[in-house]
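Have the model open beside you and let's walk through it together. We'll take it piece by piece.

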Amino acid sequence: MNTLPKVSIIIPVYNGSNYVKEAIDSAISQTYSNIEIIVVNDGSCDDGATEKIALSYGDKIRYFSKENGGVSSALNLGIKEMTGEYFSWLSHDDKYEADKVEKSIEYLAEFNGDDKLIVMCGAYYINEKSEKIRDVDYGFKKGIVYSGLDMQKYILDKGAINGCCMLIPKKAFEKCGGFNEDLRYNQDILMWLQFFCNGYSLIADLNEKNVMYRLHANQTSKTRRDLLVRDSYEMAKIIAPTFADQSTEDTNLIKMFAKRNAKYDCRNAVDECIRVGIENNKLSFFDVLNIRICLLAGKVRNVVKKIYHRIFFKK
(Lines give C-alpha, C1' and ligand atoms only; values in the text may rest on other atoms or scores of the structure.)
Protein backbone atom coordinates (compact mmCIF):
# COMPACT_ATOMS: atom_id res chain seq x y z
CA MET A 1 0.00 0.00 0.00
CA ASN A 2 1.46 3.33 -1.09
CA THR A 3 -0.48 5.38 1.46
CA LEU A 4 -1.63 4.56 4.94
CA PRO A 5 -5.38 3.85 4.84
CA LYS A 6 -7.64 5.55 7.32
CA VAL A 7 -9.10 3.33 10.03
CA SER A 8 -12.33 4.12 11.86
CA ILE A 9 -12.53 2.73 15.40
CA ILE A 10 -16.20 2.46 16.30
CA ILE A 11 -17.25 2.11 19.94
CA PRO A 12 -20.94 1.33 20.53
CA VAL A 13 -21.94 1.88 24.14
CA TYR A 14 -25.03 1.40 26.29
CA ASN A 15 -24.89 2.25 30.01
CA GLY A 16 -21.14 1.86 29.83
CA SER A 17 -19.85 4.34 32.38
CA ASN A 18 -18.02 1.56 34.23
CA TYR A 19 -15.67 0.64 31.36
CA VAL A 20 -16.05 3.01 28.39
CA LYS A 21 -13.29 5.38 29.52
CA GLU A 22 -10.77 2.54 29.38
CA ALA A 23 -11.95 1.64 25.88
CA ILE A 24 -11.72 5.20 24.57
CA ASP A 25 -8.32 5.72 26.17
CA SER A 26 -7.01 2.58 24.47
CA ALA A 27 -8.28 3.86 21.11
CA ILE A 28 -6.73 7.29 21.59
CA SER A 29 -3.42 5.66 22.54
CA GLN A 30 -3.05 3.87 19.18
CA THR A 31 0.39 4.21 17.62
CA TYR A 32 -1.19 4.30 14.16
CA SER A 33 -1.81 7.91 13.23
CA ASN A 34 -4.47 7.81 10.52
CA ILE A 35 -7.50 6.94 12.64
CA GLU A 36 -10.79 8.40 13.74
CA ILE A 37 -12.67 7.34 16.86
CA ILE A 38 -16.46 7.22 16.72
CA VAL A 39 -18.44 6.67 19.93
CA VAL A 40 -22.13 5.85 19.51
CA ASN A 41 -24.30 6.13 22.61
CA ASP A 42 -27.17 3.69 22.08
CA GLY A 43 -29.73 5.47 24.26
CA SER A 44 -28.04 4.94 27.62
CA CYS A 45 -30.36 5.43 30.63
CA ASP A 46 -27.76 6.06 33.33
CA ASP A 47 -28.55 9.70 34.18
CA GLY A 48 -26.10 10.95 31.58
CA ALA A 49 -23.05 9.18 33.05
CA THR A 50 -21.99 7.57 29.77
CA GLU A 51 -22.54 10.75 27.77
CA LYS A 52 -20.59 12.85 30.27
CA ILE A 53 -17.54 10.60 29.86
CA ALA A 54 -17.75 10.68 26.06
CA LEU A 55 -18.17 14.45 25.88
CA SER A 56 -15.15 14.96 28.14
CA TYR A 57 -12.91 13.93 25.23
CA GLY A 58 -13.95 16.88 23.09
CA ASP A 59 -12.71 16.74 19.51
CA LYS A 60 -10.50 13.71 20.18
CA ILE A 61 -13.51 11.59 19.26
CA ARG A 62 -16.65 11.92 17.13
CA TYR A 63 -19.67 11.42 19.36
CA PHE A 64 -23.20 10.41 18.32
CA SER A 65 -26.22 9.77 20.52
CA LYS A 66 -29.35 7.89 19.42
CA GLU A 67 -32.42 6.17 20.80
CA ASN A 68 -31.80 2.67 22.09
CA GLY A 69 -31.94 0.11 19.28
CA GLY A 70 -29.28 -2.44 20.16
CA VAL A 71 -25.63 -2.82 19.30
CA SER A 72 -26.38 -3.53 15.63
CA SER A 73 -28.08 -0.18 15.17
CA ALA A 74 -25.25 1.60 16.97
CA LEU A 75 -22.64 -0.09 14.80
CA ASN A 76 -24.62 0.69 11.66
CA LEU A 77 -24.76 4.38 12.58
CA GLY A 78 -21.01 4.33 13.13
CA ILE A 79 -20.48 2.66 9.75
CA LYS A 80 -22.71 5.23 8.08
CA GLU A 81 -20.74 8.10 9.60
CA MET A 82 -17.24 6.65 9.26
CA THR A 83 -14.80 8.24 6.82
CA GLY A 84 -12.16 5.52 7.02
CA GLU A 85 -11.43 2.76 4.54
CA TYR A 86 -11.34 0.16 7.30
CA PHE A 87 -13.71 -0.59 10.18
CA SER A 88 -12.39 -1.58 13.60
CA TRP A 89 -14.95 -2.49 16.28
CA LEU A 90 -14.16 -1.86 19.92
CA SER A 91 -16.76 -2.92 22.47
CA HIS A 92 -17.13 -0.41 25.29
CA ASP A 93 -16.05 -3.00 27.87
CA ASP A 94 -12.98 -4.20 25.93
CA LYS A 95 -9.61 -2.58 25.21
CA TYR A 96 -6.92 -2.45 22.54
CA GLU A 97 -3.20 -2.71 23.00
CA ALA A 98 -1.53 0.46 21.69
CA ASP A 99 -0.29 -1.09 18.44
CA LYS A 100 -3.44 -3.04 17.53
CA VAL A 101 -4.30 -1.03 14.42
CA GLU A 102 -0.69 -0.50 13.36
CA LYS A 103 0.15 -4.21 13.45
CA SER A 104 -3.00 -5.12 11.52
CA ILE A 105 -2.24 -2.58 8.79
CA GLU A 106 1.38 -3.78 8.57
CA TYR A 107 0.22 -7.38 8.17
CA LEU A 108 -2.32 -6.41 5.53
CA ALA A 109 0.47 -4.68 3.59
CA GLU A 110 2.25 -8.03 3.28
CA PHE A 111 -0.70 -9.11 1.12
CA ASN A 112 -0.52 -5.94 -1.03
CA GLY A 113 -3.55 -4.42 0.66
CA ASP A 114 -6.02 -6.90 -0.85
CA ASP A 115 -9.38 -5.17 -0.33
CA LYS A 116 -11.20 -8.50 0.05
CA LEU A 117 -9.13 -9.56 3.04
CA ILE A 118 -10.21 -9.28 6.66
CA VAL A 119 -7.28 -9.07 9.09
CA MET A 120 -7.48 -10.70 12.50
CA CYS A 121 -5.18 -10.36 15.50
CA GLY A 122 -5.00 -12.40 18.68
CA ALA A 123 -6.67 -11.61 22.00
CA TYR A 124 -6.65 -12.43 25.66
CA TYR A 125 -9.31 -12.38 28.34
CA ILE A 126 -9.29 -9.89 31.20
CA ASN A 127 -11.49 -9.67 34.27
CA GLU A 128 -13.48 -6.76 35.68
CA LYS A 129 -10.26 -5.30 37.12
CA SER A 130 -8.47 -5.50 33.74
CA GLU A 131 -6.25 -8.32 34.99
CA LYS A 132 -5.23 -10.93 32.42
CA ILE A 133 -6.95 -14.29 32.75
CA ARG A 134 -5.77 -16.31 29.75
CA ASP A 135 -5.18 -16.16 26.02
CA VAL A 136 -7.96 -16.70 23.50
CA ASP A 137 -7.20 -19.72 21.30
CA TYR A 138 -8.57 -19.47 17.75
CA GLY A 139 -6.09 -21.82 16.10
CA PHE A 140 -5.39 -19.85 12.93
CA LYS A 141 -1.89 -19.94 11.43
CA LYS A 142 0.05 -16.91 10.25
CA GLY A 143 0.71 -16.58 6.53
CA ILE A 144 -2.32 -18.60 5.43
CA VAL A 145 -5.21 -17.03 3.56
CA TYR A 146 -8.41 -18.66 4.83
CA SER A 147 -10.98 -18.63 2.05
CA GLY A 148 -14.62 -17.77 2.52
CA LEU A 149 -15.47 -21.48 2.54
CA ASP A 150 -12.72 -22.16 5.10
CA MET A 151 -14.21 -19.52 7.36
CA GLN A 152 -17.80 -20.68 6.95
CA LYS A 153 -16.71 -24.18 8.00
CA TYR A 154 -14.66 -22.76 10.89
CA ILE A 155 -17.54 -20.72 12.32
CA LEU A 156 -20.07 -23.53 11.91
CA ASP A 157 -17.71 -26.02 13.54
CA LYS A 158 -15.90 -24.02 16.20
CA GLY A 159 -18.09 -20.98 16.81
CA ALA A 160 -17.87 -17.22 16.64
CA ILE A 161 -14.76 -15.11 16.37
CA ASN A 162 -14.38 -11.84 18.26
CA GLY A 163 -15.24 -8.96 15.96
CA CYS A 164 -12.99 -6.62 17.93
CA CYS A 165 -10.00 -8.61 16.69
CA MET A 166 -10.79 -7.89 13.06
CA LEU A 167 -9.95 -5.09 10.65
CA ILE A 168 -12.67 -5.05 7.99
CA PRO A 169 -12.80 -3.15 4.68
CA LYS A 170 -15.70 -0.71 4.60
CA LYS A 171 -16.48 -2.10 1.13
CA ALA A 172 -17.52 -5.36 2.80
CA PHE A 173 -20.47 -3.58 4.40
CA GLU A 174 -21.29 -1.81 1.15
CA LYS A 175 -21.51 -5.21 -0.54
CA CYS A 176 -23.22 -7.22 2.19
CA GLY A 177 -25.20 -4.58 4.05
CA GLY A 178 -24.88 -3.71 7.72
CA PHE A 179 -25.57 -5.62 10.92
CA ASN A 180 -29.06 -7.05 11.20
CA GLU A 181 -30.89 -4.76 13.64
CA ASP A 182 -33.56 -7.34 14.41
CA LEU A 183 -30.97 -9.54 16.12
CA ARG A 184 -29.66 -8.81 19.61
CA TYR A 185 -27.50 -11.86 20.33
CA ASN A 186 -25.77 -13.27 17.26
CA GLN A 187 -25.86 -10.36 14.82
CA ASP A 188 -22.07 -10.51 14.61
CA ILE A 189 -22.00 -14.21 13.60
CA LEU A 190 -24.51 -13.52 10.83
CA MET A 191 -22.45 -10.56 9.60
CA TRP A 192 -19.21 -12.56 9.43
CA LEU A 193 -20.94 -15.44 7.64
CA GLN A 194 -22.39 -13.02 5.10
CA PHE A 195 -18.91 -11.64 4.42
CA PHE A 196 -17.47 -15.10 3.93
CA CYS A 197 -20.39 -16.21 1.77
CA ASN A 198 -19.64 -13.22 -0.49
CA GLY A 199 -16.02 -13.80 -1.37
CA TYR A 200 -14.15 -12.30 1.58
CA SER A 201 -11.19 -14.15 3.09
CA LEU A 202 -9.31 -13.90 6.38
CA ILE A 203 -5.67 -13.62 7.39
CA ALA A 204 -4.65 -13.87 11.01
CA ASP A 205 -1.62 -13.12 13.14
CA LEU A 206 -2.48 -14.57 16.52
CA ASN A 207 1.02 -13.86 17.81
CA GLU A 208 -0.12 -10.24 18.05
CA LYS A 209 -2.51 -10.45 21.01
CA ASN A 210 -3.75 -6.91 20.76
CA VAL A 211 -7.32 -7.12 22.03
CA MET A 212 -8.27 -7.38 25.68
CA TYR A 213 -11.65 -9.12 25.81
CA ARG A 214 -13.33 -8.52 29.15
CA LEU A 215 -15.33 -11.23 30.91
CA HIS A 216 -17.93 -10.04 33.39
CA ALA A 217 -21.27 -11.13 34.82
CA ASN A 218 -23.50 -8.69 32.91
CA GLN A 219 -22.63 -9.79 29.37
CA THR A 220 -25.71 -10.60 27.28
CA SER A 221 -24.14 -13.91 26.24
CA LYS A 222 -24.28 -15.01 29.88
CA THR A 223 -27.72 -13.71 30.80
CA ARG A 224 -30.14 -14.04 27.85
CA ARG A 225 -30.58 -17.55 26.51
CA ASP A 226 -34.00 -16.48 25.23
CA LEU A 227 -32.25 -14.12 22.81
CA LEU A 228 -29.99 -16.93 21.63
CA VAL A 229 -32.98 -19.16 20.82
CA ARG A 230 -34.97 -16.42 19.09
CA ASP A 231 -32.03 -15.01 17.12
CA SER A 232 -30.85 -18.44 16.05
CA TYR A 233 -34.22 -19.07 14.42
CA GLU A 234 -34.27 -15.65 12.72
CA MET A 235 -30.72 -16.19 11.53
CA ALA A 236 -31.61 -19.61 10.14
CA LYS A 237 -34.43 -18.10 8.10
CA ILE A 238 -31.97 -15.62 6.58
CA ILE A 239 -28.91 -17.69 5.82
CA ALA A 240 -30.00 -21.35 5.66
CA PRO A 241 -30.96 -21.00 1.96
CA THR A 242 -27.44 -19.72 1.18
CA PHE A 243 -25.88 -22.67 2.98
CA ALA A 244 -28.15 -25.08 1.16
CA ASP A 245 -27.20 -23.52 -2.18
CA GLN A 246 -23.48 -23.71 -1.42
CA SER A 247 -23.55 -27.22 0.08
CA THR A 248 -21.76 -30.07 -1.69
CA GLU A 249 -21.21 -33.74 -0.93
CA ASP A 250 -17.78 -32.85 0.45
CA THR A 251 -18.90 -29.82 2.46
CA ASN A 252 -22.53 -29.98 3.54
CA LEU A 253 -22.87 -26.52 5.05
CA ILE A 254 -26.59 -26.79 5.76
CA LYS A 255 -25.99 -29.95 7.77
CA MET A 256 -23.16 -28.26 9.70
CA PHE A 257 -25.41 -25.26 10.40
CA ALA A 258 -28.23 -27.49 11.63
CA LYS A 259 -25.86 -29.38 13.94
CA ARG A 260 -24.48 -26.12 15.33
CA ASN A 261 -28.00 -25.04 16.28
CA ALA A 262 -28.70 -28.50 17.69
CA LYS A 263 -25.65 -28.22 19.93
CA TYR A 264 -27.23 -25.19 21.63
CA ASP A 265 -30.71 -26.77 21.76
CA CYS A 266 -32.24 -24.25 19.35
CA ARG A 267 -35.06 -26.45 18.08
CA ASN A 268 -36.85 -23.95 15.82
CA ALA A 269 -33.60 -23.11 14.06
CA VAL A 270 -32.87 -26.80 13.58
CA ASP A 271 -36.32 -27.40 12.13
CA GLU A 272 -35.83 -24.52 9.70
CA CYS A 273 -32.47 -25.89 8.57
CA ILE A 274 -33.96 -29.35 8.03
CA ARG A 275 -36.88 -27.89 6.07
CA VAL A 276 -34.59 -25.90 3.78
CA GLY A 277 -32.15 -28.77 3.41
CA ILE A 278 -34.83 -31.26 2.39
CA GLU A 279 -36.47 -28.80 -0.03
CA ASN A 280 -33.12 -28.31 -1.76
CA ASN A 281 -32.24 -32.04 -1.76
CA LYS A 282 -29.20 -31.43 0.44
CA LEU A 283 -30.21 -33.55 3.45
CA SER A 284 -30.84 -37.30 3.40
CA PHE A 285 -32.92 -39.32 5.85
CA PHE A 286 -29.74 -40.31 7.68
CA ASP A 287 -28.56 -36.66 7.79
CA VAL A 288 -31.82 -35.66 9.45
CA LEU A 289 -31.56 -38.57 11.91
CA ASN A 290 -28.03 -37.51 12.81
CA ILE A 291 -29.17 -33.90 13.35
CA ARG A 292 -32.05 -35.04 15.58
CA ILE A 293 -29.64 -37.08 17.70
CA CYS A 294 -27.41 -34.00 18.03
CA LEU A 295 -30.46 -31.99 19.12
CA LEU A 296 -31.20 -34.51 21.86
CA ALA A 297 -27.59 -34.27 23.02
CA GLY A 298 -27.89 -30.48 22.96
CA LYS A 299 -30.97 -30.62 25.16
CA VAL A 300 -29.14 -32.79 27.68
CA ARG A 301 -26.15 -30.44 27.55
CA ASN A 302 -28.42 -27.45 28.22
CA VAL A 303 -30.05 -29.13 31.23
CA VAL A 304 -26.66 -30.06 32.70
CA LYS A 305 -25.45 -26.49 32.16
CA LYS A 306 -28.49 -25.08 34.00
CA ILE A 307 -27.94 -27.42 36.95
CA TYR A 308 -24.24 -26.50 37.07
CA HIS A 309 -24.97 -22.77 37.18
CA ARG A 310 -27.66 -23.19 39.81
CA ILE A 311 -25.23 -25.06 42.05
CA PHE A 312 -22.10 -22.96 41.60
CA PHE A 313 -23.42 -19.51 40.64
CA LYS A 314 -26.65 -19.12 42.58
CA LYS A 315 -26.97 -15.82 44.37
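What follows is a tour of some helices, a strand and a few single residues.

A word on ground rules before we start. This is a predicted model, so local features need a pLDDT of at least 70 and side-chain atom pairs count only at pLDDT 80 or more, while totals for chains, interfaces and linings use all residues. Residues are numbered from 1 along each chain as its sequence is written, and side-chain values use heavy atoms, with hydrogens and water left out. Helices (H or I, at least four residues) and strands (E, at least two) are DSSP runs, numbered from the N terminus.

Let's begin with helix α7, residues 187-197. Buried here means under 20% relative accessible area, exposed means over 50%, and partly exposed is in between (1.4 Å probe, protein chains only). With 11 of its 11 residues buried, α7 is largely enclosed by the rest of the structure. Among those buried residues are D188, W192 and F196. Just past the end of α7, G199 takes a positive phi of about 90 degrees.

Now look at how α7 meets helix α9, residues 225-246. The two pack at an angle of about 25 degrees with their axes 11 Å apart; the axes are lines fitted to C-alpha atoms over the stretch in contact, and angles run from 0 to 180 degrees between N-to-C directions. That angle makes α7 roughly parallel to α9, since angles under 35 degrees count as roughly parallel, over 145 as roughly antiparallel, 65 to 115 as roughly perpendicular and the rest as oblique. On the α7 side, the contact (heavy atoms within 4.5 Å) is made by I189, L190, L193, Q194 and C197. On the α9 side it is made by M235, I238, I239, T242, F243 and Q246. These residues divide into 8 nonpolar, 3 polar and no charged. For that count, Ala, Val, Leu, Ile, Met, Phe, Trp, Tyr, Cys and Pro are nonpolar, Asp, Glu, Lys and Arg are charged, and the others, Gly among them, are polar.

Stay with α9 and turn to helix α10, residues 253-263. Here the packing angle is about 155 degrees and the axes are 8 Å apart, so α9 is roughly antiparallel to α10. From α10, the contact involves L253, I254, F257 and N261; from α9, the residues include M235, I239, F243 and Q246. This contact divides into 9 nonpolar, 3 polar and no charged residues.

Next comes strand β9, residues 201-214, where 10 of the 14 residues are buried. Strands pair if DSSP finds at least two bridges between them. β6 and β9 pair in the parallel sense over 10 bridges, and C121 stands opposite D205 in β9. Strand β5 (residues 95-96) pairs with β9 in the antiparallel sense over 2 bridges, with Y96 opposite V211.

Finally, a few single residues. Most residues other than glycine have a negative phi. S130, in the loop between β6 and β7, has a positive phi of about 65 degrees and is partly exposed at 23% relative accessibility. N281, in the loop between α11 and α12, has a positive phi of about 55 degrees and is exposed, at 69%. Over in helix α12 sits V288, which counts as buried at 16% relative accessibility. V288 touches I274, I278 and L283, not counting residues up to four places away in sequence.
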